[in-house]
Amino acid sequence: MESLTKKENKQQEVPMFAYELLRDVLIPDLLGDDIFEISYLAGKNLARKFPLLSIDEALSFFAEAGWGHLQIVHEKRNEYKLELSGSIVKRRLQINSQSCFRLESGFIAEQVQSMKQALAEAFEEIDKKQMKVIITVRWDKNDPVGS
C-alpha cells in the first residue's frame, strides 16, 4: 500500500519544464511589458486568497508552491530581507537571467501588510553570481492599513 502511495505522488508531480513553460515563456509573452506590474499585483491577490498568520508560514508556503526556499536573512524594526534560493530559482536564472520574481515579491508584501496591519511594499534583487533572489519588504507603522 505504501509503495502505491509513493507511486501516486510521483505521478502528481509537475515536471519543472512544464512550470518553466508557463512561468518564463507563456506568461511573459502574454503580458509583455506589463509583466512586472501585473505579476506584483497577482502576487498580492494570491496572498489575499491564501492568508497566512506568520512569516514562518510564508516560508513554508513558498516551499509548497514550488517557488523555492525562502528564508529570513536579516530583520529590522520595519524591514525583512529574505533570500529566495533553491534548484527552481537557480534553474530559472540559468535559463533566463532576466526571470521575473515580482509574483513572489507581491505575495510577500501583501502577507506582511496583513500581518503588520501597515502598508508594506517589497522589491527584489537578483544575485546572478550566487543564483538567488533577495526580497526586501518594508512596512510603515505610521501608515496603517485601511486609513
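Reply:
**Around helix 6**

The side chain of Lys44 makes a polar contact with the side chain of Glu110, at 3.2 Å. A polar contact here is a pair of N or O atoms within 3.5 Å; within protein, one must be able to donate a hydrogen and the other to accept it, and residues adjacent in sequence count only if both atoms are side-chain atoms. The model is predicted, so local features need pLDDT of at least 70 and side-chain atom pairs count only at pLDDT 80 or more, while totals for chains, interfaces and linings use all residues. Residues are numbered from 1 along each chain as its sequence is written, and side-chain values use heavy atoms, with hydrogens and water left out.

Lys44 sits in helix 3, residues 35–49. Helices (H or I, at least four residues) and strands (E, at least two) are DSSP runs, numbered from the N terminus. Lys44 has a relative accessible area of 8% and is therefore buried. The cut-offs are under 20% for buried, over 50% for exposed and partly exposed in between, with a 1.4 Å probe and protein chains only. Beyond four places in sequence, Lys44 is in contact with Gly106, Phe107, Ala109, Glu110, Gln113 and Ala120. Contact means heavy atoms within 4.5 Å.

Next, the core. The largest nonpolar core has 31 residues. Such a core is a set of buried Ala, Val, Leu, Ile, Met, Phe, Trp, Tyr and Cys residues joined through side-chain atoms within 4.5 Å. Leu82, Ile108, Val112 and Val137 touch the most other members. Elements giving two or more residues to this core include helix 3, helix 4 (55–65), helix 6 (102–116) and strand 4 (132–144). Val112 touches Ile55, Tyr80, Gln117, Ala120, Val137 and Trp139, not counting residues up to four places away in sequence.

Ile55 also belongs to the packing of helix 4 on helix 6. Two packed helices are described by the angle between their axes and the distance between the axes. Here the angle is about 155 degrees, and the axes are 10 Å apart. Axes are lines fitted to C-alpha atoms, for helices over the stretch in contact, and angles run from 0 to 180 degrees between N-to-C directions. Helix 4 and helix 6 are therefore roughly antiparallel. Angles under 35 degrees count as roughly parallel, over 145 as roughly antiparallel, 65 to 115 as roughly perpendicular and the rest as oblique. From helix 4, Ile55, Ala58, Phe61 and Phe62 make the contact. From helix 6 come Glu104, Phe107, Ile108, Val112 and Met115.

Gln117 lies in the loop between helix 6 and strand 3. Most residues other than glycine have a negative phi. Gln117 is not a glycine, yet its phi is positive, about 55 degrees. At a relative accessible area of 47%, Gln117 is partly exposed.

Ser99 lies in the loop between helix 5 and helix 6. Ser99 is buried, at 4% relative accessibility. Its side chain reaches the backbone oxygen of Arg92 at 3.0 Å and that of Asn96 at 2.8 Å. Asp24 is found in helix 2, residues 16–31. Its side chain makes a polar contact with the side chain of Arg92 at 2.8 Å. Asp24 is buried too, with a relative accessible area of 16%.
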